[in-house]
Amino acid sequence: MQKMLCAALRYTARSARLCSSYVKETRFLFELKENDDACRQALKSGSFYLFHNLSPLVHKSGNGFYAPAVSGTDLMQVLSSCGKEKVNLEDSILVGCSDSSIAKFALDVGSFEKSALEQKFPGKFTDIRSAVVKIDGEDGSLLSRAQSLLRWHDMHQYCSKSGKPTQKNVSGSKRVCPSNGIIYYPQVS
Ligand SMILES: [Zn+2]
């Protein structure tokens, strides 16, 4: 009886801890989604999942696969050595955060030559379906959510009413048409 109670208490303490870190993460993400300046700040210390025309970068390590998360500094360094295309970290979209409140972003670097990037980054740009099959757990679902979001932004670059270019907020939680103020929100399952 005593033993069972102890186990139950331990379990409760653990779920309370998990729950409070979940609340913290949710608040942090909400702040970044709504506040462009906060999100800009988070871009500086964030980590980046890379996509090439909607195919995520996937690296094989031992028996498993994972999606490398690159720091902003490393990313800019590698990209500037791979081509002359202009890259703005603000083109990234926010996809989540770590337990320690490091923001996670996704960026599509499809304007760069794929083979040049694959020589510099660990891994290969892989079709999303085989990527999600290879990577289990949280990273796999994060990648597929990131890909849906990137695809949504790609398809909503123009306002459906005025035909004018829409602008993404920093986190990518919405796009706004500057000419008529219509706000587009991604609906991602
Ligand atoms: Zn419009």
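Tutor: Gladly! Let's begin with S101, in the loop between β5 (93-97) and β6. Keep in mind that this is a predicted model.

Student: Why is S101 called partly exposed?

Tutor: S101 has 25% relative accessibility. Buried means under 20% and exposed means over 50%, with partly exposed in between, so S101 counts as partly exposed. Its phi is near 60 degrees, a positive value in a residue other than glycine.

Student: What makes N53 exposed?

Tutor: The relative accessible area of N53 is 53%, and the cut-off for exposed is over 50%. N53 is therefore exposed. You will find N53 in the loop between β1 and β2 (55-61), with a positive phi near 45 degrees, again in a residue other than glycine.

Student: Which residues form an aromatic pair, and why is the pair called stacked?

Tutor: They are F48 and F105. Their centres are 5.4 Å apart, and rings pair if their centres lie within 6.5 Å. The planes are 20 degrees apart, and planes under 30 degrees apart count as stacked, so this pair is stacked. By this rule the count comes to 1 aromatic pair.

Student: Now helix α2. How do you know that its buried residues are on the same side?

Tutor: In α2 (residues 36-45), the buried residues are A38, C39, A42 and L43. They cover an arc of only 150 degrees around the axis, which puts them on the same side of α2. The face turned away from that buried side carries the exposed residues D37 and K44.

Student: What makes N35 a cap for α2?

Tutor: A side-chain oxygen of N35 lies 3.0 Å from the backbone nitrogen of D37. A polar contact needs N or O atoms within 3.5 Å, and N35 caps the N-terminal end of the helix.

Student: Which protein atoms are donors of the zinc ion, and what makes them donors?

Tutor: They are C159 (SG), S162 (OG), C177 (SG), N180 (OD1) and N180 (ND2). These atoms lie 2.2 to 2.6 Å from the zinc ion, and the limit is 2.8 Å, so they count as donors. In sequence, the donor residues are spaced C-x2-S-x14-C-x2-N.

Student: Are C159 and S162 buried or partly exposed?

Tutor: C159 counts as buried because its relative accessibility is 4%. S162 has 30%, so S162 counts as partly exposed.

Student: What does UniProt place at residues 156-185?

Tutor: An unreviewed UniProt entry places the feature "domain: Zinc ribbon NADH pyrophosphatase" there. Over these residues the chain is 0% helix and 20% strand, with its end C-alpha atoms 10 Å apart.

Terms used: Residues numbered from 1 in each chain as written. Predicted model: local features only at pLDDT ≥ 70, side-chain atom pairs only at ≥ 80, totals over all residues. Heavy atoms only, no water. Donors = N, O, S within 2.8 Å, 3.2 Å for Na, K, Ca; no water. Buried < 20%, exposed > 50% of the residue type's maximum accessible area, 1.4 Å probe, protein only. Helix = DSSP H or I, 4+ residues; strand = E, 2+ residues; numbered from the N terminus. Arc of directions from axis to C-beta. Polar contact = N/O pair within 3.5 Å; in protein donor to acceptor, adjacent residues only side chain to side chain. UniProt positions renumbered as here; feature names shortened; annotations may be inferred. Phe/Tyr/Trp six-rings, centres within 6.5 Å; stacked < 30°, edge-to-face > 60°.
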